[in-house]
Amino acid sequence: MGRRVARAGRFVQSAPGKAVPEAMMAYGDVAKRVSRWCGRPGTFVLALSVIAIWIVTGPIFGFSDTWQLVINTGTTIVTFLMVFLIQNTQNRDTAAIQLKLDELIRATKGAHNALLDLEELDEAMLEDFRTRYERLARAARAQKAQGLPDTDVPEA
């Protein structure tokens, strides 16, 4: 896909025919870079080092309220920001997985194309699909228990 192909005002061309606000693209790019950096072992060691330094400085500052406030404030801010970072990463990963699954369904002969974009259905429709597939699973287990193959492609 042609990401950042053309700029028109405050929008960025992210894919053919799709204009995305430039700020959203910038946030996504920054979120990807930061999430990659946060997931590295060196970042974990850095966080442990900061905590170790904070612990060592405790006696120097007499374990004062300010000394405690520094770590509490720092960890609160980092936690608050990480919530958004993790959610962005999960949203991106989930969207990619859904697209890959949609492509597998689309490309598989005999697959039901009605299952494409299933995640967008309301709860009642999802439950209807779930019930149908649970019924198919029960029937397949019953066939298998009778020594019959369970590898056919029944209609959902």
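A residue is called buried under 20% relative accessible area, exposed over 50%, and partly exposed in between, with a 1.4 Å probe and protein chains only. This is a predicted model in which local features need pLDDT of at least 70 and side-chain atom pairs count only at pLDDT 80 or more, while totals for chains, interfaces and linings use all residues. Residues are numbered from 1 along each chain as its sequence is written, and side-chain values use heavy atoms, with hydrogens and water left out.

**View 1. The chain as a whole contains four helices and three strands.** Helices (H or I, at least four residues) and strands (E, at least two) are DSSP runs, numbered from the N terminus. Along the sequence, their pattern is β-β-β-α-α-α-α. The chain has 156 residues, of which 15% are buried. Its accessible surface is about 12200 Å², with 66% belonging to carbon and sulfur atoms; such areas come from the Shrake-Rupley method with a 1.4 Å probe, and for residues only the protein chains shown count as cover. Contact means heavy atoms within 4.5 Å. Among contacts in the chain with a separation of 6 or more, 23% involve residues 24 or more positions apart.

**View 2. Trp54, Phe63 and Trp67 form one aromatic cluster.** Rings of Phe, Tyr and Trp (its six-membered ring) pair if their centres lie within 6.5 Å; planes under 30 degrees apart count as stacked, over 60 as edge-to-face and the rest as tilted. The structure holds three aromatic pairs. One of them, Trp54 with Trp67, is stacked, at 4.0 Å centre to centre and 5° between the planes. Trp54 belongs to helix α2 (residues 41–57) and Trp67 to helix α3 (residues 65–107), so this pair ties together parts that are 13 residues apart in sequence. Phe63 and Trp67 form an edge-to-face pair, with 5.2 Å centre to centre and 90° between the planes. Trp67 is buried, at 11% relative accessible area, whereas Phe63 is partly exposed, at 47%.

View 3. Tyr27 lies in helix α1 (residues 22–38) and is partly exposed, with a relative accessible area of 42%. Asn88, in helix α3, is buried at 17% relative accessibility.

View 4. Asp128 is partly exposed at 39% relative accessibility, as is Arg132 at 26%. The charged end of Arg132 sits over the ring of Phe129, 4.7 Å from its centre (CZ of Arg or NZ of Lys within 6 Å of the ring centre and within 35 degrees of the ring normal).
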